[in-house]
Amino acid sequence: MSKTRDKGIIAYGTEEDRKKLAVLADTYGISGSELIIKMVRDRFRELFESS
């Protein structure tokens, strides 16, 4: 796990949250920041852009 991922984007999250984010990001092959943005975009689309 890289130092950047270890610090994480979750300023108020716990160490456990940062570790979970790193595992999920590694699963998708993207950074934690990219994963969070992807999740935000996907959820926004589901909630507000469905027809």
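**Exercise 1.** Which residues form a nonpolar patch on the surface, and how much accessible area do they have together?

*Solution.* The structure is a predicted model, in which local features need pLDDT of at least 70, side-chain atom pairs count only at pLDDT 80 or more, and totals for chains, interfaces and linings use all residues. Residues are numbered from 1 along each chain as its sequence is written, and side-chain values use heavy atoms, with hydrogens and water left out.

Step 1. A patch is made of residues with over 30% relative accessible area and no salt bridge, nonpolar side chains (Val, Leu, Ile, Met, Phe, Trp, Tyr) being joined within 5 Å and like charges within 9 Å. A salt bridge is a side-chain nitrogen of Lys or Arg within 4 Å of a carboxyl oxygen of Asp or Glu.

Step 2. Phe-44 has 46% relative accessibility and is partly exposed, as is Leu-47 at 47%, whereas Phe-48 is exposed at 58% (buried is under 20%, exposed over 50%, partly exposed in between; 1.4 Å probe, protein chains only).

Step 3. The patch consists of Phe-44, Leu-47 and Phe-48, with about 340 Å² of accessible area together (Shrake-Rupley method, 1.4 Å probe; for residues, only the protein chains shown count as cover).

**Exercise 2.** Why is the pair of Phe-44 and Phe-48 described as tilted?

*Solution.* Step 1. Rings of Phe, Tyr and Trp (its six-membered ring) pair if their centres lie within 6.5 Å; planes under 30 degrees apart count as stacked, over 60 as edge-to-face and the rest as tilted.

Step 2. The ring centres of Phe-44 and Phe-48 are 4.8 Å apart and the planes stand at 45°, so the pair is tilted.
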